[in-house]
Structures are given as C-alpha cells and as structure tokens.
Amino acid sequence: MHFATRSVLPGVLTAALLATGATACTYRNAPLPAAGQASAARHTGAGAELVDGAGARVALVPGGAHPYFRPWRTAGATVQKTYKLGAVTFDETAEWDQQKQNNLLSTLAARGYNAFGIFGVSPTDINTTFADLKSQGFPVASLGSCPAGSTDEADFCLSTNVELAAYKAAKAAITAMGGKGTLVHLTGNNVDANTQLRIKGVARAVRESGGKVGLLQTVTDIDTDLGTAQKAVSDLMAAKGGRITGIVATAYNPAVAAADAVRSSGSKAKVIAIDDDAKILSGIRQGTVTATVVQNPVGQAEIGTWALALLQTKQCTVRDPGVEVDSGSFVVTRANVADYDTARQARTARLKTEFADTYLSCG
Amino acid sequence: MTTSVSPPRTTAEAPAAGHRMPFWVNQRLGLLVLVIALGVLFGVLRPAFLDQRLVLFPLLRDVATLTVVALAQMVALSVGHMNLAVGRMAAFGAMFAGVGYDKLHLPMQAGLLLCLAAGAVIGAVTGWLIARTGGSSFVVTLAMDFALLGLVSLTYSALTEDAAFTTRPAGIDALRSYSLADLCLGPVCGSPAIPQLAQFTVLAMLGLGVLYGCTRIGRELLLTGANPAAAELSGIPTGRRVLLAHTLSGLLAALAGFMAAAGTGTFRASIGDDFMLPSFLGAVLGGTLLTGGVVSVLGTLLGTALVGVIRKGLDLLGVGLESLNIYLGCILLLALSADRIRTVVSYRKVVRST
C-alpha cells in the first residue's frame, strides 16, 4: 500500500492553521472589573470566637468519593450545629477530575455557598482553582492536601504532611524489621504530586538505614479500588513473597489489601498501613499488621470549617496567606490501638488554639 | 469493520427519499429542543442555573473541550473505526506542549503547534498500523492506549518532580478565563457566558463541516466507512482515507488535551483520563453512526451539550453522587427513546400518506 502525503496534509494543515490562528485571537478590550475580594472589615473584641456564623455557608469538597473523607461529612455537620453556621455541605461528586471539580465549585458558589474547604484533585492545578475562587471574594482552605510547589493560593492549607507521614511509616517498618531486610512500598497514582512526595519520604527512610534495608519495589497505581489493590498485592506475594520482610502501604486500598494478604498467606512480612479502617485496626489487634499511620480528617474538617467561617464573616484574616499547617499523623501500634483517638482529639484541640493564636489575626 | 449497505448521508445532504420526513424528525432539531427545554426547566427550578459567570461560563468551557473530544471520535467513526486511545492521545499532545513551554520556553502558539503535530503523528501511526496490518481499530487503538499510558507516565516521571509541567506561557491564563464580555465594540460587550476558549471548537467544527459537507475527500471518508469494499471498487484509496481519519482524530484529541490543560492550569499526565466515554456519548447522541458512513458535526456539539446541561442541572439541584449517574443515565435513555419514537411515528405517517 502506498500512502501519499497529499491525503494527510490537507486535514492537518487546515486544523493546524485554524487552531494556530485562533491563539492570536484572545482579546480583552473591555474595562477591567473591580477586584472581587472585599477588604477585610474586622469585628472588634470577639477574638477567634465566632460571633455570628449565620452568613457563612461552607462547602467541603473532596476530590471524589473515598473512605478517607467520610468523617468530613459528620464533622462538617457537627461544626454547623456547634457554631450555628448558615449551612455546611459535603459534596463528593467531583469524580477525581479537576475539570469536574472546578465546575462543581462554581455550581456550589451559584447555589450560595461562600466559603470552600477543598481537597484538590490535581495538586499542580488546584492553585488556579483557588485563585479563581479568591478573585470572586470567597475564602478558600486547602484541606487534606496542599498544592504542589512552593506557592499556595488558598488562605491556608490544613493537611497531613504526606512526605513526613510516609517517612514515619517507613521508619516504623524498618524498626519492626529489626533494621535490615527488604521493603516494598505500595501506593497510589504515580502521576500525582502527593504520591511522588510519599515515594520521597519512604526513600529517605530507606537511605537513612545505611544500606541495611533495600527497597525491592514501589508498586504504584493500585489505589483505584480494593479489587485492583488485592490483585496487585496477591501477585506480588506470589512472585516475591519469600524475599519481602516489610511492606509499607501509603494509600488506603493497598493498605487494606496488604493486611488481608499477609493474614491469609501467613507471611512473616511486617506490614505498616495507613489510616484506620476496621480491617487494619483488627489486623493490629491480631498482630498481622504491625502499625498504621493514621491521619486527622476530622480535625481537617472541623478546624477548616470553623476557620473558614471566621474568614467569611470577616471576623478574622490570615496573618500569612497560604500558610501550611500539619493536621497531624500518628503511628498506631498494638500498644496504643485502644486510645490513639484521644491523641488525635488532643491534636485537633491544639490546632484550634494554634489557629487562634498564630495563624489568624482577629479583631 | 462493519459495513453499511445504505448510501452515506451527511448533515449537509438532504434525504433522497421521495417522501421527505417531516422537519420535526430531524435529530439535531430534537436535541436542540431538548437542550433548551432542559435549560429552561433547570432555570425555573434553580434560577442560579442562568448565572452567566458561575454556571454558564464553566459549563460552556467544558462543553467546548468535550465537543472537540467527541469530534476526534466522530472522525474515527466516520470510517467505521473507533479510537479508544483518544484520551491518551490528548495526554500525549499536551505533554509535547508542556515540554515546549517548560524546557524549550516556546511561546503559546508554537507550543500549540507542537502539541497538534504530536497528536497528528501519533494518530497517523495508529492509522498506518490499522491500514497496513488490516487489524481491528478496536485492538490497535487499545494497544496504542496502553503504550501511550506507559510512555506518558514515564516521560512525566523523568522530566518533572510533580508529574506535571507547570510553566504557563503568556496568554494561556487569558485563554482560560476570558469570555466574550472581554470583547467590546464601543459600548456593546459580548456575553460573559461564552468562553473565548470555544473559538477552537467553532473552528474545528467549521473545518470538519467543510471537510465532510463540501469536499470530495470528506465524501470518500464517509463511503469508506459505509462500505469499504464498495469504496475500494469505486477507486477510493481506502487505506489513505483511514490514515487521514486517524491523523485528524489524533490532531483533534491533542487539541482537546491542550484545551483541557489551558482550562485547568497545567500540562499533566492525567489529562484525558476521562475522555473516552464522553467522546462516544457526544458523537453517538448527536447522530454519528458507530458503524460508519454517517456523521453529524452539529449533532456532536448538541449531544455533548445535552450531557453537560443535565449534569450541571443535577449538580445545581444538589443530587448526590449515588443518584447523579442514575438520573444522568435515565435522562439520556429517555432522550434516545424520544428520538426513536419520533422517527417511528414520522415513518408511519409517511407510509400512511403513500
């Protein structure tokens, strides 16, 4: 068969010229609108105690449906009741697509929500979304994950330091392995900035072992659902189970799958999981899971919603816009599995004090 | 490849039947009426639906991007093929634009050209493989999808820290946020609901409308899709037409990838992850046949707009995740059923009148 370029060129050239010509046609000759951000008129004498939250309508928007965000719904409802906020909604319909999340946020704004706590789908794109919302005068908090890079366009970020949490998990695994052996890292979407940070955290812990611990494999892209994670872990155990002495899982589904696989295969590998799914906690009690690193989603939603209400009512401003605050991560072992939530609640209470004293400026 | 025994009929051609179908049978008209009716319904239920800046602007920006995705699929469908790698080709094209901006510091137009060229090349390779090997487009584009998934991920991992090219060339922010309200003729300004990004969609639609409606190559593409054996016997170089269709499909997918990146902020590996389903949905709802030979450029826009309007309306009504997709599926089924009922009723009328 002979292909003449004649058949390809017309279409390519037409569309290329059309598209290229179009880029020269983005114009603005209309007068610039006034900046949407209203100046902060501070209430006086109230400090960080919310005086009147009735005007605050807060939307908590995760990147999509995920068990990690379940506590956000109840925490948001609790804060609404406690501080008598106008409304608090939890909307998980973004389906892990940044474009859909952007659309959802603008829809929520049209529905009258005026403050946003967001877990951005794409850490590299979410600053654009934050800037858009801020330009329309809405206070914005980055909850559960901070934007990639050194800039944060949100008012503040309240999140687990994912690199530190992964480092803690890997250190716990190495300690459980007796300081030597072969480690495997199970994690989420490879092309996600947070995954890259987790990979860095684990690599740092392995490096610090001085060559006594080797990282056999980093398995990515298995946090889509439990079935995918189970299959990947089962394949891994079948192929290399004998060589693995430690497993660190820094994503939810792989953590549950690793706990199941070690229990069913009778492997001696030490598993360090993430989050506090019932299966993982049960594994810790039974000894099949050595430890888990739990995060603080309740604190993120509670403190995030409260601080957003203070910002929305102009009662407070953020001293250092874009400040990143660690919401805490805790290593849970058999020793503290019964009472780790007390430490988490204490961290949440401390966060509130830190916000009032350090991060917010209230009249 | 499925063949069709009926002669191809494009949007530009009227039915050749002796008894013409009534005007209200026209599928595009039906879709337009449905889109408007749903818009009015949602506007009545939630007046915020008509908020130009907060609702209509992002809705139309989304529709503009997804229409280009659906056009990319439509071009492949026109020759009776499909392009399962449409999302990954978008990511591939966007990756080249990202490299151009981040590493080569190209201006926006040059990066876009690089993106389109990369999309066209990968589309041409796909088309060449299909035409040369005689393999099924399903298998070849699926294989291409997997290959590009690995290639794009590896490239981003190797060249970036955060799996994204974050350099934004001058002008790209304007492309994302400007609407026709930024264009004024004296005291009269355009609508803030219409994004300037939609210019790409309009130009792509015009280009494809001319290609399929007014050129010999366009008609040959459709005949290749309707009946490749007959097309071959008629002297049409079907292999070249398949190559052209996939080249155009790759180019349009890359354009959609660029638009998606411009719309969200950065050039990242996950661009196009969710493109495959909307690409079929928009094209098929709009009247393009999966078996090839019939396309509808305007219908593709309307089909995509229908899905967008339904989703946005349900979002505004506060429908939760559990119910949203059920409602979306039900309304789409109703839309398709209404179209089928309209066709059957009109056909009976025509039969009765003869």
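Which residues of α5(B) are buried? In this predicted model, the buried residues of α5(B) are S137(B), V140(B), T141(B), M144(B), L148(B), V152(B) and Y156(B).

Helix α5 of chain B covers residues 137–159. Its 23 residues should span 33 Å at 1.5 Å a residue, and the C-alpha atoms at its ends are 32 Å apart, so the two values agree.

After α4(B) comes G134(B), which has a positive phi, near 70 degrees.

The loop between α3 and α4 of chain B contains H105(B). This residue is not a glycine, yet H105(B) has a positive phi of about 55 degrees. With 11 other C-beta atoms within 10 Å, H105(B) is exposed, because a count of 12 or fewer places a residue in that class.

## Helices α7 and α8 of chain B

Helix α7 (residues 198–214) and helix α8 (residues 216–226) of chain B have axes that come within 5 Å. These axes cross at roughly 75 degrees, and α7(B) and α8(B) are therefore roughly perpendicular to each other.

On the α7(B) side, the contact is made by L211(B), Y212(B) and G213(B). On the α8(B) side, I217(B), G218(B) and L222(B) take part. Sorted by class, the residues of this contact between α7(B) and α8(B) are four nonpolar, two polar and no charged.

## Chain A as a whole

Chain A has 363 residues, and buried residues make up 54% of them. Its secondary structure comes to eleven helices and 14 strands. Taking contacts in chain A between residues at least 6 apart in sequence, 75% join residues at least 24 apart.

The domain assignment divides chain A into domain 1 (57–160 + 297–327 + 347–362) and domain 2 (162–294). The C-alpha centres of domain 1 and domain 2 of chain A lie 29 Å apart. Where these domains of chain A touch, eight residues of domain 1 are in contact with seven residues of domain 2. The side of domain 1 of chain A that touches domain 2 of chain A has four nonpolar, four polar and no charged residues.

## Two residues of chain A

V140(A) is in strand β4 (residues 140–143) of chain A. With 26 other C-beta atoms within 10 Å, V140(A) is buried, because 20 or more is enough for that class. Apart from neighbours within four places in sequence, V140(A) is in contact with F116(A), I118(A), F130(A), L133(A), K134(A), A154(A) and D155(A). V140(A) and F116(A) are 24 residues apart along the chain, and their C-alpha atoms are separated by 4.9 Å.

D221(A) is found in a loop, between β7 (213–219) and α7 (226–240) of chain A. The phi of D221(A) is near 65 degrees, a positive value in a residue other than glycine. Is D221(A) buried, exposed or partly exposed? D221(A) has 19 other C-beta atoms within 10 Å and is partly exposed.

How values were computed:
Residues are numbered from 1 along each chain as its sequence is written. Chains are lettered from A and ligands numbered from 1 in the order in which they are written. This is a predicted model: local features need pLDDT of at least 70, side-chain atom pairs count only at pLDDT 80 or more; totals for chains, interfaces and linings use all residues. Axes are lines fitted to C-alpha atoms, for helices over the stretch in contact, and angles run from 0 to 180 degrees between N-to-C directions. Helices (H or I, at least four residues) and strands (E, at least two) are DSSP runs, numbered from the N terminus. Angles under 35 degrees count as roughly parallel, over 145 as roughly antiparallel, 65 to 115 as roughly perpendicular and the rest as oblique. Two residues are in contact if their C-beta atoms, placed from the backbone, lie within 7 Å. Ala, Val, Leu, Ile, Met, Phe, Trp, Tyr, Cys and Pro count as nonpolar, Asp, Glu, Lys and Arg as charged, and the others, Gly among them, as polar. Domain bounds come from an automatic or database domain assignment. The expected span of a helix is 1.5 Å times one less than its number of residues.
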